[in-house]
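Hi there,

Here is the structure I promised to pass along. Have a look at it first, and then read on for what I found.

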Amino acid sequence: MARQRSTMSDAFKVELAKELGFYDTVQREGWGGIKARDAGNMVKRAIEIAEQALAEKSGQR
């Protein structure tokens, strides 16, 4: 099965991992070493950030 290209940039993923407190695991084991819960929290936080950006953009019109 082919892997899909990531939607989030590597820099953004690193920023989220640091914010959520599991970047040390990423450094030691790579992205495959994080828990499913951590991956879910990372996606949830990315969605929150995107929603905030959209709300700010909509409010500036």
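**What I found**

Of the 61 residues in the protein, 16% are buried. Please keep in mind that this is a predicted model.

On the overall fold: the protein has three helices and zero strands, and along the sequence this reads as α-α-α.

The C-alpha trace spans about 45 × 30 × 20 Å along its principal axes. The radius of gyration is 14 Å, whereas a compact globule of 61 residues would have one near 10 Å. As for the surface, the protein exposes about 5200 Å², and 50% of that comes from carbon and sulfur atoms.

Now to the helix pair I looked at. How do the axes of α1 and α3 cross? Helix α1 covers residues 10-20 and helix α3 covers residues 36-59; their axes come within 10 Å and cross at roughly 110°. Angles of 65 to 115 degrees count as roughly perpendicular, so α1 and α3 are roughly perpendicular to each other.

Which residues meet there? From α1 they are Phe-12, Lys-13, Leu-16, Glu-19 and Leu-20, and from α3 they are Asn-41, Met-42, Arg-45, Ala-46 and Ile-49. By class, this contact of α1 with α3 has six nonpolar, one polar and three charged residues.

Finally, on contacts across the whole chain: taking those between residues at least 6 apart in sequence, 37% join residues at least 24 apart.

Best wishes

Terms used: Residues are numbered from 1 along each chain as its sequence is written. This is a predicted model: local features need pLDDT of at least 70, side-chain atom pairs count only at pLDDT 80 or more; totals for chains, interfaces and linings use all residues. Side-chain values use heavy atoms; hydrogens and water are left out. Axes are lines fitted to C-alpha atoms, for helices over the stretch in contact, and angles run from 0 to 180 degrees between N-to-C directions. Helices (H or I, at least four residues) and strands (E, at least two) are DSSP runs, numbered from the N terminus. Angles under 35 degrees count as roughly parallel, over 145 as roughly antiparallel, 65 to 115 as roughly perpendicular and the rest as oblique. Contact means heavy atoms within 4.5 Å. Ala, Val, Leu, Ile, Met, Phe, Trp, Tyr, Cys and Pro count as nonpolar, Asp, Glu, Lys and Arg as charged, and the others, Gly among them, as polar. The radius of gyration is taken over C-alpha atoms; the globule rule is 2.2 Å times the number of residues to the power 0.38. Buried means under 20% relative accessible area, exposed over 50%, partly exposed in between (1.4 Å probe, protein chains only). Accessible areas come from the Shrake-Rupley method with a 1.4 Å probe; for residues, only the protein chains shown count as cover.
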